[in-house]
Amino acid sequence: MKALDKITVLACEQFEAGTTGTELLAFLGAEVIMVETPGRGQPGRWSMATPKKGIDSWYHIYLNLNKKSITLNLTTPKGVEIFKEMAKKVDIVFDNLGPGTMDRLGIGYEALKAVNPRLIVATLKGFGEGPYSDYLCLDTIAQSMGGAYTLTGFPEKPPTMPAETLGDTGAGMHGFVAMLAALYQRDITGEGQFVEVAMVDNSLCFNRAPLALRQAEKDPMFTGAHAKRVGNDMPGASPHGIYKTTDTEKTDNYVAIQVVDQPQWHALLKVLGKEDLLGDERFKDSASRWENREAVNQMVEAWTSKRSAQNAFHTLAQAGVPAGVTQNTNQMMNDPHLIARKSVVEVDHPHYGRFKTLGCAPRLADSPVEVKCAPLLGQSNAEVYAKLMGYTQYELAELAKEGII
Amino acid sequence: MAKALEDIKVLEVSQYESASTAGEMMAFLGAEVVKVEPPGKGDPARYASPGAPKDADSMYFIYLNLNKKSITLDLTKPRGVEIFKDMARNVDVVLENLGPGVMAGMGLGCDVLRELNPRLIYASITPFGCGPYENYPGTDLIAQAMAGAMDNTGFPDKPPVRPGPQVGETGSGVYMFGAIMAALHQRERTGKGQFVETAIADAVLNNMRVPLTISQTGRDQMYQGLAGMKRTGGMTQPYRTMDSDTNDTYVIILATAPHMQDNLLKVIGREGFLAEERKAAGPIALLLDPKLSVPWNEAIEAWTKSRNDYEAFHTIAKAKVPVGLTLNTTQIMNDPHYVTRKTVVQVAHPVRGEFKTPTTPHKLEKSPVEVKCAPLLGQDNEEVYAKLAGFTKEDLAKLKAIGVV
């Protein structure tokens with residue numbers, strides 16, 4: 001059994017923000033049916049690098065695991081009619097198309113609610129309702145508007161984009177949880193509802209801590225100076241950052257260390273062989289260490305720079321000091337911990353063969369996740385249309401001929 | 001039912017950010033979230049936050065604990081453990097992030113509590129999750145290092161740098177909220193609770209899906225290469241405005257389609273610029289090939305540099321080109337879009353006075369969010385203990401005298 005067995009989702013998606021949210025639903029057992037344009041599919045399939053025309057991009061494959069794909073031409077009246085008919089039989093209709101698109105197609109919230117009052121209609125937008133609602137939004141735009149750029153990087157460099165595509169994938173995860181909350185509410189009340197998540201709101205949500213830490217202590221109404229980029233520092237706390245190892249020159253691997261409290265500081269001193277500093281006033285709390293951070297950092301790096309990144313990481317972590325390695329993408333996809341816990345898994349694809357991808361972050365003991373490959377375009381037409389519309393192979397062939405599917 | 005989670009009760013035993021984030025999102029949607037804190041001290045986020053005042057809760061704590069209740073209970077005392085167990089019989093969720101094995105060490109592990117209450121959902125967030133590194137300590141910095149975010153953020157001539165957004169801490173909180181909601185939905189069908197977990201490292205990893213696909217596109221699907229993907233400074237150059245020197249705000253433009261590039265050139269009065277080269281190279285190559293990107297960026301910056309940030313933003317956005325500003329923290333919290341959408345709201349705190357805070361990205365039609373301030377330590381002892389443990393005021397006075405509450 002899985003948590004979302006028997007839940008069916010019709011997903012009208014493009015690129016990443018939408019697809020990552022419904023992928024999580026699929027991992028937990030929902031039947032997620034991507035509704036795609038005949039012959040083209042959603043743009044993530046082909047607008048990112050692909051080995052040749054007609055082969056899905058990795059981008060598409062990573063973001064659409066465990067889903068089904070059907071084709072349907074929503075610009076035709078017959079296509080719209082079929083969509084509405086299917087909407088009567090599903091639990092969630094989800095989209096991340098441009099603002100107003102679903103309404104224009106005649107399958108907006110009001111139209112769908114009329115045919116299925118239990119339906120949850122969820123939409124993921126760039127800016128969402130508000131003064132900027134019609135402005136175009138992509139990952140980088142959402143990240144810049146939510147503060148990710150201004151808070152990332154070095155003071156002497158311009159604002160910097162984080163590696164994570166937090167504007168898109170972050171919004172997807174927020175869409176996922178918002179749909180689940182609506183689903184639970186429906187379990188109790190029997191009624192569906194409209195759910196909205198905006199990429200820019202999502203982006204801002206991840207910055208609550210830096211917003212609070214770097215400014216609000218002195219200026220709760222945000223009327224004064226803004227926060228400055230601090231590289232790998234956390235003002236007021238030390239040690240916090242990355243330190244050179246014997247691997248740094250060759251592999252660019254540093255060890256990351258953050259000491260949160262006194263017991264961890266004492267554990268670190270023992271690892272460094274500096275027990276004589278256990279009672280030292282200069283290092284008696286986080287604030288004092290921040291004042292003396294140059295001495296702290298020198299002491300730490302004198303130790304790390306004589307060890308490999310892996311050795312420093314395990315030695316510190318086993319002593320109870322929060323530590324990590326700045327792993328590159330290949331190292332993380334081969335990390336024994338991530339593989340053991342199935343955060344990194346192997347799956348087969350009909351074109352590419354066996355490949356590595358990521359599993360499901362939320363783990364439920366009673367809802368095991370089997371990761372399955374992303375579907376080819378229209379792969380599930382026969383199965384899904386038979387189930388939701390009662391169409392025979394013959395009828396499907398007719399619809400294909402007319403360009404409806 | 002006026003809110004999605006109105007009938008749900010949560011006992012949250014948490015520190016710092018990840019579990020507090022999951023609990024806060026549940027509280028926004030109507031759950032009664034009771035923070036169980038050590039008497040006299042509370043969650044270390046109340047005071048261990050850099051720059052926090054000595055006599056009041058930090059803004060860091062306040063931002064992450066809106067809409068909750070607080071009770072005090074000493075879980076290191078047998079009587080405290082007994083009281084917690086009694087209360088766990090009457091709630092739906094126990095949510096914790098005290099660190100690997102800490103709850104079990106106090107006699108409050110999943111097995112113990114679920115035997116008392118088979119409907120209970122027991123939710124744990126740890127730095128690494130179950131697996132080889134499960135007992136290692138960790139923080140947001142460590143997770144961002146281990147999951148490849150730092151290695152891919154910043155500039156080739158600089159060391160790896162931590163992204164400002166709390167992708168690990170807040171991200172794992174969001175995933176945990178999703179896990180709990182899925183488990184609540186599953187419980188509606190099975191009548192049984194379950195154990196759910198997620199890791200701070202997994203949250204970062206799952207926001208790295210796209211960089212991972214780029215790093216393996218067409219050549220290394222099993223990640224056997226040496227270097228992995230490297231930091232490039234980001235695919236878009238931030239453009240200066242007339243105010244960048246003072247407010248650090250730059251313009252981010254992602255014109256990835258030919259018509260967007262044409263629109264942008266119209267805005268800056270350079271119609272036809274690089275027309276043939278653009279046509280030959282394609283819209284993405286323009287952003288990546290220095291031979292084209294350098295003159296292209298110069299032309300755009302020549303225009304943005306003589307305008308202020310919001311003027312450039314609105315003008316370009318209205319021309320249907322994806323554009324954002326690297327808003328600084330002061331601008332974010334005063335931006336008319338966020339304020340109109342109530343993504344940023346104003347709340348009053350009994351000690352800190354009026355303040356501005358980010359709220360939640362989840363907008364459910366039938367579960368309106370009213371933002372309430374984070375509780376003072378032990379503020380709700382009387383109410384919660386009366387309801388969940390049946391204690392009178394006298395009972396509480398006695399427990400206080402022996403230091404249990």
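**Questions about two chains**

Me: Which loop holds Pro239(A)?
Reply: Pro239(A) is found in the loop of chain A between α9 (208-216) and β7 (240-243). Those labels are DSSP runs numbered from the N terminus (helices H or I of at least four residues, strands E of at least two). This is a predicted model, where local features need pLDDT of at least 70 and side-chain atom pairs 80 or more, while totals for chains, interfaces and linings use all residues. Residues are numbered from 1 along each chain as its sequence is written, with chains lettered from A and ligands numbered from 1 in the order written.

Me: What omega goes with the cis peptide bond from Ser238(A) to Pro239(A)?
Reply: Omega is near -5° for that bond.

Me: And what makes Asn67(B) worth a look?
Reply: Its phi is positive, about 65°, although Asn67(B) is not a glycine. You'll find Asn67(B) in the loop between α2 (59-64) and β3 of chain B.

Me: Why are α7(A) and α7(B) called roughly parallel?
Reply: Their axes come within 9 Å and cross at roughly 25°. Angles run from 0 to 180 degrees between N-to-C directions of lines fitted to C-alpha atoms, for helices over the stretch in contact. Under 35 degrees is roughly parallel, over 145 roughly antiparallel, 65 to 115 roughly perpendicular, and the rest oblique. So α7(A) and α7(B) land in the roughly parallel class. Residues making the contact include Met173(A), Phe176(A), Leu180(A) and Tyr184(A) from α7(A), and Val174(B), Phe177(B), Met181(B) and His185(B) from α7(B).

Me: Then why is the pair α1(A) and α7(A) called oblique?
Reply: Helix α1 (residues 17-27) and helix α7 (residues 166-189) of chain A pack at about 45°, with axes 7 Å apart. The pair is therefore oblique. On the α1(A) side, Gly18(A), Gly21(A) and Leu25(A) are among the residues in the contact. They meet α7(A) residues including Ala171(A), Gly175(A) and Met179(A).

Me: How many residues does each chain bring to the contact of A with B?
Reply: Chain A gives 135 residues and chain B 132 (in contact means C-beta atoms, placed from the backbone, within 7 Å). On the chain B side, helix α7 (residues 169-190) gives the most, with 16 residues.

Me: How do you know that β6 of chain A and β12 of chain B pair?
Reply: Pairing takes at least two DSSP bridges between the strands. Strand β6(A) (residues 194-198) and strand β12(B) (residues 363-364) have two bridges and run antiparallel. One position to check is Glu196(A), which stands opposite Lys363(B).

Me: Which strands stand at the edges of the open sheet, and why does each have one side without a neighbour?
Reply: The order of the seven strands is β12(A)-β6(B)-β5(B)-β4(B)-β1(B)-β2(B)-β3(B), with mixed pairing. β12 (363-364) of chain A and β3 (69-72) of chain B each have a single partner strand, so one side of each is left open in the sheet.

Me: What sense do β4(B) and β5(B) run in, and how many bridges join them?
Reply: Strand β4 (residues 93-96) and strand β5 (residues 121-126) of chain B run parallel, joined by four bridges. Leu95(B) has Ala123(B) as its bridge partner. Helix α18 (residues 381-389) of chain B packs on the sheet, touching β2 (32-37) and β3 of chain B, and its direction makes about 80° with that of β3(B).

Note on methods:
Contact = placed C-beta atoms within 7 Å.
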